[in-house]
Amino acid sequence: MLSVQEATRLLLGALPEPETEEVDLWSAAGCVLAVDVVADSDLPGFRRAAMDGYAVRADDVAAAEGRRPVLLRVIGEAAAGRPSEAVVVPGTAVRISTGAPLPAGADAVVRFEETRASDGRVAVLCPVRPGENVGEADEDVRAGERVLAAGTLLRPPEIGLLAALGWARVPVLRRPVVHLVSTGDELVDVAATPAYGQVRNSTAYALGAAVRQCGGQPVLRQRVPDRLEAIASAVAASLAEEPEVVITTGGASVGEHDLVRLAFDRLGAEHLFWRVAMKPGMNVVAAKRGRTLLVGLSGNPAAALCSFEVIVRPALTALAGAERPLARARVVLDEEVAQIPVRSRFLRVQVYAAGGVLRARPAGSQLPSVLSSLARANAFAVIPPGLRTLPAGTVVEALIFAGSEAGLLSGGGGVS
């Protein structure tokens, strides 16, 4: 069987070239920028008040103090979006609000708290330096500066910058489209009541959520029975739409109803690998047809998600243009763990911070069909092959689930 590392390498090597598209800025969050963004102007573009107060000439108030204030004549008012046309000359001031453009002639702002105003005059109680309480025209961005590089994941701050620079439409990498084809006579829709021997199609929905988390666009396709023709036909229908990836669930093992490999072969796909030395999730088949990557995962939800997170996630996030690997950490095992010498084991665990270190306790059943323990877990403890038993207290690597890193960092854990 292939190692996890080799399976991951083969998938990464089989990826199609990412495609670009232009999207409305409003819907660009979570996309990956396809071009460099160079500022065509300074931001904010004008000197402005950083405090509410009075715009003054610093020289005029250099000798101001509480017992001997400097009196200035107020000649106008400026507010955000409503600049004053008054020119500040010696002996004058303009009342100003935060964000308003600094009027001509002024070079500082005295805060309201340091003044007393009456009868069209203001008494300044303390001096200010030139530039004090003033925001510069290029305080945020300078014209000609590369503010965002191609390949940047667009989070809220990046969206705000693009808006400030006037990018109403944004060239981004197209989110990879991932078709999910579920195989199995036992499957029913999630809204249906299963008959005896049937189960709801939970695996497809779990994988759909995982695909979204990786920056992909999941498309739920039809459920098909354990029939070679039906599986091949369903995969062929997906291939006709040219998605970047087709993921099948079920039918990837060695039983007489495990027909996904044969279906891939029937469609003329180039075989990449079958079976990976890992537990759970050993039964993974991968192939490529044209520009589409074909991946067959277990029908067991926990096994399928484990294979996805460990092997498929690196490929899918690379295809989406922004690698989002699972965070890694060294953890101390709370309990003894038995190992299978020839396979890497991915133990569902709850990682928690205690005494300045990260510890890991099993989250429940490790059976490939049990999803509840995976829901309770926040990490996989990676148990390497070649060892039969790891005693409690052994330090191993853990893969921290996406979204769980912040809590562990706040607890003092070393997550990278």
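**Exercises on a predicted model**

A237 lies in helix α4, which spans residues 228-239; helices are DSSP runs of H or I with at least four residues, strands are runs of E with at least two, and both are numbered from the N terminus. The model is predicted, so that local features need pLDDT of at least 70 and side-chain atom pairs count only at pLDDT 80 or more, while totals for chains, interfaces and linings use all residues. Residues are numbered from 1 along each chain as its sequence is written, and side-chain values use heavy atoms, with hydrogens and water left out.

**Exercise 1.** Determine whether A237 is buried, partly exposed or exposed.

*Solution.* Begin with the cut-offs: buried means under 20% relative accessible area, exposed over 50%, and partly exposed in between, with a 1.4 Å probe and protein chains only. Then take the value for A237, a relative accessible area of 30%, and A237 is therefore partly exposed.

**Exercise 2.** State how far apart A237 and L125 are in sequence and in space.

*Solution.* Along the sequence, A237 and L125 are 112 residues apart; in space, their C-alpha to C-alpha distance is 78 Å.

**Exercise 3.** Identify which helix and which strand each supply at least two residues of the lining of the largest cavity.
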